[in-house]
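Trainee: I have a structure open and want to work through it. Could we take it question by question?

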Amino acid sequence: MTGDGGWIPENLDPARPSPARIYDYALGGGHNLASDREVFDQLVKIQPNARQIAWSNRAFMRRAVLFMIESGIRQFLDLGSGIPTVGNVHEIAQKADPECRVVYVDIEEVAIAHSRLLLDEVEKAAIVEADFTRPDDVLKHPETLKLIDFSAPVGLLAVASVHHVPAEIDVYSAFDRYRDAVVPGSALAISHFTADFEKVHAKEIIEAVQAKAHNTACLRTRSEIIDLFGDFEMVSPGLVAASNWRPDITPPPGVHPEQDGIWAGVGVKR
Ligand SMILES: C[S@@+](CC[C@H](N)C(=O)[O-])C[C@H]1O[C@@H](n2cnc3c(N)ncnc32)[C@H](O)[C@@H]1O
C-alpha cells in the first residue's frame, strides 16, 4: 500500500534517507525526500562530481543493455534495479525490440512501490521484491519464471548494487548460482563503487551515507569485482572505469573517467 503520491509507502520514515532515493536525486529523479537531498548535498561537498558519477554509472547500464541486445539477448534480470528513473532497462530494451522481457529485483520499499506503479501497464516487465543475495528467491519467483525462459540467453545486470552487500555476506556464491542458472550466450554486467580511484573520496562518501541512512556497503577492489564474473569471458575493454566502457563518444563531454569511482564491465558465458 502506498500513501501520498502513490510511491511513498505508508510506513516510511521521511527523516531516514535511503540510498536508492539519494541515487534517484543524484540522477535528477523526482522520488526523493528532503532527508535524501540533504545527504546528497553533503556528498557533493566531499566529491564535487558526485552527480556525474551517478550519470556515468547509468550511462554504462544503457550501453551494456544495448551490447546484450546486439549479442542476441532478449530477456534481462536486473538485480538491484533501484527507483525507476530516466532510461529504465525495459525502455532501452523494448525500444530496440518490443519482445524483450525484463524482471526487476529490488529490496527497497520505495523502489518496489514505484516500480509497481510504473510497470502496472507494461507488458513483459515485472518487479520482484527480493534480496538478490538469495538467488533462489529470485530465480524461482513466479514472476521470474513467467517472464524468463532459462533455456535461452539471459542478460544479468548488477549495476551499482553489489557494493551495497556487506563483506560478511557471501555474494560470490550467489553470483556462482546466477551464472550457473543461465545458458551459453548469456551475459553479466556489473558496475561497482570502489576505493581504487585516487581522485574519488570513496570511504568518506560511504561514511557520510552510513551516518544518516540505513545502509550497508563494501568497497571491493578491482580484482574482487572481477571474481564475481567467475568463468564468464570479459568482453573488451574488460573491467574499466564506467565511462571508459565502450563510450558512445570519446571522451564524453564533461566526463573524467579517473573520477568515476566505479569499475564496470560485461562478461559472457561461452
Ligand atoms: C544505486 S541503486 C542502482 C539502481 C540501478 N541498478 C542503476 O544502476 O541505475 C542500488 C539498488 O540496489 C538495491 N539493493 C541493494 N542491495 C540489494 C539486495 N541485497 N537485494 C536487492 N536489491 C538490493 C537498492 O535497494 C537500490 O535500489
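Predicted model: local features only at pLDDT ≥ 70, side-chain atom pairs only at ≥ 80, totals over all residues.

Trainee: Where does the ligand sit?
Mentor: Look at the pockets of the protein. The ligand has its place in one of them, and that one is the largest pocket.

Trainee: How many residues surround the ligand?
Mentor: The closest are Tyr-23, Arg-58, Asp-106, Asp-131 and Val-159. By class, the shell has 7 nonpolar, 6 polar and 4 charged residues. The number surrounding the ligand is 17.

Trainee: Which residue has a side-chain N or O atom 2.7 Å from an oxygen atom of the ligand?
Mentor: A polar contact needs N or O atoms within 3.5 Å. The pair you describe, at 2.7 Å, involves the side chain of Arg-58.

Trainee: Which residues place a backbone N or O atom 2.9 Å or 2.8 Å from a nitrogen atom of the ligand?
Mentor: Take the 2.9 Å pair, where the backbone atom belongs to Phe-132. In the 2.8 Å pair, the backbone atom belongs to Val-159. So the cut-off of 3.5 Å for a polar contact applies to N or O atoms. The names you want are Phe-132 and Val-159.

Trainee: How much of the ligand's area does the protein bury?
Mentor: Start with the ligand taken alone. It then exposes 600 Å². Of that area, the protein buries 94%.

Trainee: Is Arg-21 buried or exposed?
Mentor: Arg-21 is in helix α1. Its relative accessibility is 2%. Buried means under 20%, so Arg-21 counts as buried.

Trainee: Which side chain joins that of Arg-21 in a polar contact of 2.6 Å?
Mentor: Stay with Arg-21 in α1. The contact is between side chains, at 2.6 Å. The partner is Asp-36.

Trainee: How far apart are the C-alpha atoms of Arg-51 and Tyr-23?
Mentor: Arg-51 lies in helix α3. It is partly exposed, with a relative accessible area of 34%. Arg-51 and Tyr-23 are 28 residues apart along the chain. Their C-alpha atoms are separated by 8.7 Å.

Trainee: What is the phi of Ala-160?
Mentor: Most residues other than glycine have a negative phi. Ala-160 is in the loop between β4 and α8. With 16% relative accessibility, Ala-160 counts as buried. Its phi is positive, about 55 degrees.

Trainee: And what is the phi of Arg-246?
Mentor: Arg-246 is in the loop between β7 and β8. With 36% relative accessibility, Arg-246 counts as partly exposed. Arg-246 is not a glycine, yet its phi is positive, about 45 degrees.

Trainee: Which residues does a cis peptide bond join, with omega of about 5 degrees?
Mentor: Most peptide bonds are trans. Go to the loop between β6 and β7, where Pro-237 lies. The cis bond joins Ser-236 and Pro-237.

Conventions: Residues numbered from 1 in each chain as written. Heavy atoms only, no water. Helix = DSSP H or I, 4+ residues; strand = E, 2+ residues; numbered from the N terminus. Buried < 20%, exposed > 50% of the residue type's maximum accessible area, 1.4 Å probe, protein only. Near = heavy atom within 4 Å. Polar contact = N/O pair within 3.5 Å; in protein donor to acceptor, adjacent residues only side chain to side chain. Areas by Shrake-Rupley, 256 points an atom, 1.4 Å probe, with all protein chains shown as cover. 1 Å grid on protein atoms, 1.4 Å probe; cavity = no way out; pocket = protein on both sides within 12 Å on 5 of 7 lines; lining within 4 Å. Sits in = over half its atoms within 2 Å of the grid points. Nonpolar A, V, L, I, M, F, W, Y, C, P; charged D, E, K, R; others polar.
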